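I opened the notebook to keep track of what I looked up in this structure. The entries follow the order in which I went through it.

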Amino acid sequence: MTDLALVDCEDIAWFRHDPTLPSAARGAAATLARRVGLDPQRASEVALAVTEAATNLHQHTSDGALLLRVLRAGAEAGVEFLTVDTGPGMADVTAALKDGASTAGTLGIGLGAVARLADRFDIHSLPGKGTVVSAQFWARGRGSILASPTALPARGATVASGITRPISGETICGDAWSVRVEPGPHHADLGDGHRGSAREEITSASTSPALLVMLCDGLGHGPLAALAGEAAVKAFRQSRARRPEELLGDVHKALRGTRGGAVAIARVEPAERRLLYCGIGNVSGFLVGPDRRTGLLSAPGIVGHQMRSLRTFEYPLPEGSALVMHSDGLSERWSPSDMPGLLQHTPAVMAGQLLREAAVRRDDAGIVIVKGAW
């Protein structure tokens with residue numbers, strides 16, 4: 001992974017599976033597209049695609065939801081929708097994307113047309129379980145993302161993405177995540193760390209960039225939990241620390257006036273194929289391959305209130321693996337072997353499938369995923 005391309009995400013609203021889903025999602029999508037600066041024609045295309053996806057979700061799935069959110073890449077802004085359902089799934093995704101495959105009750109444009117309207121489209125379906133669809137929409141005829149020296153390698157492409165979903169009955173989520181790139185070169189001691197139970201010095205001599213990732217589960221639910229999550233994100237983004245344990249120390253200070261929470265921070269070093277990880281509380285971290293996962297170690301405590309001495313653990317990054325971090329709003333009772341083909345998809349779709357597979361409705365849920373060719 002030589003280009004650590006990132007797109008910032010701002011989750012706006014979840015729309016639940018009910019008769020008002022298509023109309024509510026269409027109106028919100030059109031308003032959101034205009035708000036971020038898309039022209040009227042592009043805003044209409046966004047609304048059309050969201051309506052088709054929402055109608056399909058309502059008519060042909062047993063349960064599901066649609067997420068609308070804002071994407072930002074530098075000075076550019078776009079809109080993304082993500083649908084997550086619990087079945088019945090598709091036996092032949094390729095056939096479903098062909099023109100004319102739209103079934104009764106939808107607008108008739110079909111998923112293939114939605115894919116063509118979108119700048120970036122991804123779908124993963126598991127027969128008998130459910131389907132996740134994501135589509136991104138950016139301004140037409142504006143090449144700044146592709147022409148800029150710091151442009152994304154493909155419009156909307158990103159090595160990391162995440163999802164938050166509030167507990168049923170709430171509109172604000174106490175879980176929060178953030179990802180940022182630390183540009184190279186790195187010629188500094190990253191401090192003492194741990195590989196298994198063996199203590200050793202962690203250093204970096206790479207001229208390649210690293211990726212810093214944080215997930216916070218604010219204690220409890222609702223606005224006060226959300227304040228803790230927001231404080232964690234702000235501290236993470238403003239901190240000049242480079243080591244996970246030092247970053248976590250800065251987040252700890254920022255959360256002292258809040259409820260506190262569980263927090264994990266990872267440093268991904270693609271050139272060294274190395275992961276540094278430090279966590280406090282019930283945030284679960286895994287390195288995931290096609291048919292197995294490796295758990296990442298965290299210590300007990302509440303960031304902002306009670307923490308023991310922080311420890312950073314070092315792990316190798318197997319080729320083709322992904323880093324998954326999620327709150328306890330997702331059960332740990334999931335396996336990559338139950339979701340064949342998942343690692344071939346975008347981080348957003350991977351996060352959606354894990355949300356479908358493992359999320360519980362009685363808690364906020366947050367997940368962030370990093371994947372690449374390390």
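**Entry 1: helix 4.** I began with the buried residues of helix 4, which are G110, L111, G112, A113, V114 and L117. Buried stands for under 20% relative accessible area, exposed for over 50%, and partly exposed for in between, with a 1.4 Å probe and protein chains only. Helices (H or I, at least four residues) and strands (E, at least two) are DSSP runs, numbered from the N terminus. Helix 4 spans residues 110-117, and six of its eight residues are buried. I then looked up what covers them: the list includes helix 2 (40-60), strand 3 (76-85), helix 3 (93-96), strand 4 (120-126) and strand 5 (130-137). Contact here means heavy atoms within 4.5 Å.

**Entry 2: what kind of model.** I noted that this is a predicted model, where local features need pLDDT of at least 70 and side-chain atom pairs count only at pLDDT 80 or more, while totals for chains, interfaces and linings use all residues. Residues are numbered from 1 along each chain as its sequence is written, and side-chain values use heavy atoms, with hydrogens and water left out.

**Entry 3: the sheet with strand 1.** I read the strand order of this open sheet as 1-2-3-5-4, five strands with antiparallel pairing. Two strands pair if DSSP finds at least two bridges between them. Strand 1 and strand 4 are the edge strands, each pairing on one side only. From one strand to the next the twist averages 15°. I counted the link between strand 2 (residues 64-73) and strand 3 as 10 bridges. R69 has E80 in strand 3 as its bridge partner. Helix 2 lies across strand 2, strand 3 and strand 5, at about 10° to strand 3. Such angles run from 0 to 180 degrees between N-to-C directions, and the axes are lines fitted to C-alpha atoms, for helices over the stretch in contact.

**Entry 4: the sheet with strand 6.** I found another open sheet of five strands, in the order 6-19-18-13-14, also with antiparallel pairing. Its edge strands are strand 6 (160-165) and strand 14 (293-296). The twist averages 20° from one strand to the next. Strand 13 (residues 284-288) is joined to strand 18 (residues 322-326) by five bridges, and L287 stands opposite L323 in strand 18.

**Entry 5: strand 10.** Is strand 10 buried or exposed? I found nine of its nine residues buried, over residues 210-218. One side holds A210, L212, M214, C216 and G218, and the other L211, V213, L215 and D217. Eight bridges join strand 10 to strand 7, antiparallel, with V179 opposite V213. Eight bridges also join strand 10 to strand 11 (residues 261-269), where R267 is the partner of L212.

**Entry 6: the largest pocket.** I looked up its volume, about 690 Å³. A pocket is an open set of points on a 1 Å grid over the protein atoms alone, where a 1.4 Å probe fits, with protein on both sides within 12 Å along at least five of seven lines; lining residues have an atom within 4 Å of a point. The volume is the space filled by probe spheres set on the points, which are joined across faces, edges and corners. Of its 28 lining residues, E10, D11, T164, C173 and D175 are the closest to the centre. Strand 1 gives the most to the lining, eight residues.
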